[in-house]
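Please keep the structure open alongside as you read.

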Amino acid sequence: SYAQLEQWDKQYVWHPFTQMKQYVNERPLIIERGKGSYLYDVNGRRYLDGYASLWVNVHGHNDPELNAALSEQLEKIAHSTLLGSANVPSILLAKRLLEYWPHMSKVFYSDTGAAAVEIALKIAYQYWKNLDPVRYATKNKFVSLKEAYHGDTVGAVSVGGMETFHRIFAPLLFERIEVPAPYVYRMEEYGSEQDVVRHCLNELERVLASQHEHIAAVIVEPLVQGAAGIIVHPRGFLKGVEALCRQYGTLLICDEVAVGFGRTGTMFACEQEEVAPDLVCLGKGITGGYLPLAATLVTEKVYAAFLGNVEEDKTFYHGHTYTGNQLSCSVALKNIELIETRGLLDDVQRKARRLAGWLERLYDIPIVGDIRQKGLMCGIEIVKNRRTKEVFPRAAMLEHRIILEARRRGLVIRPLGPVLTFIPVLAMSEAEMEEAVRILYDSIVCLYEQARAEFG
Ligand code: LLP
């Protein structure tokens, strides 16, 4: 029963990214099943999945074709190791992924976005050492954006820039050089969108010009910084970053974990600016939201630096137990096939345009400060004062209360600081999406009224 599960959940489970002291005072959402765009809890109530089960779900829950692909693989084998041996779905998937990245040549598998990032960082670092350990002895540092988020393992946290998540771990981390990100809404003192981009690129250039001999790689989330609050980079920023990396001889790592697999309207975000990174990290939507899988793709230039006789020690000594897992790879293969045969990318672009119109209405509510969207990735920044852009005190937990209100009304979403994020199942229908925005609207209005009573 719900009551029993609730008690055991609170007694035994430590939830990620969750202040448990707060959590135990609330009624937990306990999901039992899913179908299409809906999640169903153990009491039979249904919710529109407005976070795509943490930005992973592509075709909807319980998709018959994905289920079939998975059962078919299960009849053969669930898992065998990729360390020193191969398996069928991981070979086919690598080939398939590289068709989307014609300038790249190898796929290194792992099982979570953070691991794909760790792997990219370690490869980038070792690349220079393998080329020439003397000449590149100090090429050890990484550059990343303000408010960057690349996952929660220690290496990924090292290149992270989110105060709240990362500050406490500072003594454990390796050195990172931070450069500004084009967060247009909060950088109006720099002028227009393009002025903001120019400022950020100038700062990156200043860093690269003076320190490129010490910089192994620049890592960015292409087009959208997700966890930072859906910060949408204006056109030209990513291309500019790429140009500077080339000019100053440093590797470029694009972390497509959140934006990949159609989320921003193209299969991958890099396509939109015709950017060709040296390393790419993939995860989340790769399996359509079914199973954990991630991958790090590299160019031939990077890969070739790791070839040598055994005693040269150019080998990449890294690997996880479940690397290349057959169940994950087979469902990923089917996911990609369905994205193509169902014409999902065209749908996403069409729905993104409709969604933009519906979201615009949220500006009716005075506490909506900014609405940002790229494809089906949206952030609504809640402010106490539209003119000063001041946010509500953290302790008021206003955004949290908005999402609880939305849940009561049948929509699950998550806040990131003062930003409400709406990242629906990619295949969510227009009617469902319109309904989700209506719930969002009503929920914000509801808390706006409460906030007026509390804060005046
Ligand atoms: N890179 C990017 C760009 C990501 O957005 C993520 C996860 C990762 C890497 C790490 O992938 P993972 O190891 O989790 O598979 N904590 C926030 C949401 C973060 C979204 C997850 N992004 C929240 O509380 O909603």
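Which domains does the domain assignment of the protein give?

1. The assignment gives domain 1 (2-59 + 343-455) and domain 2 (67-341). Their C-alpha centres are 27 Å apart, and the contact takes 27 residues from domain 1 and 24 residues from domain 2. On the domain 1 side of this contact, two or more residues come from each of α3, α13 (344-360), β13 (368-374), β14 (377-382) and β17 (419-422). Helix α13 gives the largest share of that side, five residues. Sorted by class, the domain 1 side holds 14 nonpolar, eight polar and five charged residues.

2. A word on confidence, as this is a predicted model. The protein averages a pLDDT of 97, and 100% of the residues score at least 70. Confidence is lowest in helix α8 (residues 163-166), with a mean of 80, and highest in strand β10 (residues 251-255), at 99. For the complex, the predictor reports an ipTM of 0.98 and a pTM of 0.98.

3. Now to the ligand. It is surrounded by 19 residues, and the closest are Gly 113, Ala 114, Gly 151, Val 257 and Ala 258. Both domain 1 and domain 2 give residues to this shell, so the ligand lies between them. At least two shell residues come from each of α3 (52-55), α6 (113-131) and β16 (414-416), and α6 supplies the largest share, three residues. By class, the shell has 10 nonpolar, six polar and three charged residues.

4. Take Ala 120 as an example: leaving aside residues up to four places away in sequence, Ala 120 touches Ile 253, Leu 279, Cys 281 and Thr 296.

5. Finally, a residue in another setting: is Arg 452 buried or exposed? Arg 452 sits in helix α15 (residues 430-455). It counts as exposed because it has 11 C-beta neighbours inside 10 Å, and the cut-off for exposed is 12 or fewer. Arg 452 and Thr 323 are 129 residues apart along the chain, and their C-alpha atoms are separated by 52 Å.

Methods:
Residues are numbered from 1 along each chain as its sequence is written. This is a predicted model: local features need pLDDT of at least 70, side-chain atom pairs count only at pLDDT 80 or more; totals for chains, interfaces and linings use all residues. A residue is near a molecule or strand if its C-beta atom, placed from the backbone, lies within 6 Å of it. Helices (H or I, at least four residues) and strands (E, at least two) are DSSP runs, numbered from the N terminus. Ala, Val, Leu, Ile, Met, Phe, Trp, Tyr, Cys and Pro count as nonpolar, Asp, Glu, Lys and Arg as charged, and the others, Gly among them, as polar. Domain bounds come from an automatic or database domain assignment. Two residues are in contact if their C-beta atoms, placed from the backbone, lie within 7 Å. A residue is buried if 20 or more other C-beta atoms lie within 10 Å of its own, exposed if 12 or fewer, and partly exposed in between; C-beta atoms are placed from the backbone. pLDDT is the predictor's confidence in each residue, from 0 to 100.
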